[in-house]
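Visitor: Could you walk me through how to read aromatic contacts in a structure like this one?

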Amino acid sequence: MNTDSGNTLAQVAQQLQALQRRVDQLESVEAIRALRARYHTLVNEDQGPRLYELFAPDASIIYNGRPEVFGREAIRTFFENFPVQYARQFIHQHEVSVDGDTGTGQSYLDGRPVHGGKSFYVVGRFDDAYVRIDGRWYFKKVVLTVHYMIEAAEHWETLLPMTKKAEAA
């Protein structure tokens, strides 16, 4: 038997495994970015109470110093009762690291919430942990740190939620 062809096959197998790991890494990063984008799509489409769907069963959240909330059902209740139900949010600089079936990420928030009938600007940072369960990525932990939230000089509270605007037309 020719050992050169055996070495070549072993090298090709190693290269194939390395490529498979790289593809999985890239696909995972993209899936996690889509998860973070879906979070803000739900917020921007006035479907904030559905955010819990994006969390692992044993996930947790900490929003700007509030007590940590554990478990998908508790997270559902948290979002159903969250004082800011209407907002438009924009995410910047989403950096993601993946290690197998877990990952971490950070992104910056530029938001336009309506709270107490007033329009606000909010700037903050999300620090996330992610987990892959049965091939799908979920939030394992989300920590939101608000850098500042100030009342806006311009007001859009009468424009949100979008259903108000559509019903008036």
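Guide: Gladly, and burial comes first: a residue is buried under 20% relative accessible area, exposed over 50% and partly exposed in between, using a 1.4 Å probe and protein chains only. Tyr63, at 6% relative accessibility, therefore counts as buried. This is a predicted model, where local features need pLDDT of at least 70, side-chain atom pairs count only at pLDDT 80 or more, and totals for chains, interfaces and linings use all residues. Residues are numbered from 1 along each chain as its sequence is written, and side-chain values use heavy atoms, leaving out hydrogens and water.

Visitor: How is a pair of aromatic rings described?

Guide: By the distance of the centres and the angle of the planes. Rings of Phe, Tyr and Trp (its six-membered ring) pair if their centres lie within 6.5 Å; planes under 30 degrees apart are stacked, over 60 edge-to-face, and the rest tilted. That rule gives twelve aromatic pairs here. In one of them, Tyr39 and Phe79 have ring centres 6.4 Å apart and planes at 75 degrees, so they are edge-to-face.

Visitor: Are Tyr39 and Phe79 buried or exposed?

Guide: Tyr39 is buried, at 1% relative accessibility, and Phe79 is buried at 4%. Phe79 also pairs edge-to-face with Tyr63, at 5.8 Å centre to centre and 75 degrees between the planes.

Visitor: Which residues form one aromatic cluster?

Guide: Tyr39, Phe55, Tyr63, Phe78, Phe79, Phe82, Phe126, Tyr130 and Phe139.

Visitor: Where does the charged end of Arg36 sit?

Guide: A charge sits over a ring if NZ of Lys or CZ of Arg is within 6 Å of the ring centre and within 35 degrees of the ring normal. Arg36 has its charged end over the ring of Tyr39, 4.7 Å from the centre. Arg36 also lies over the face of Phe126, 4.0 Å from that ring centre.
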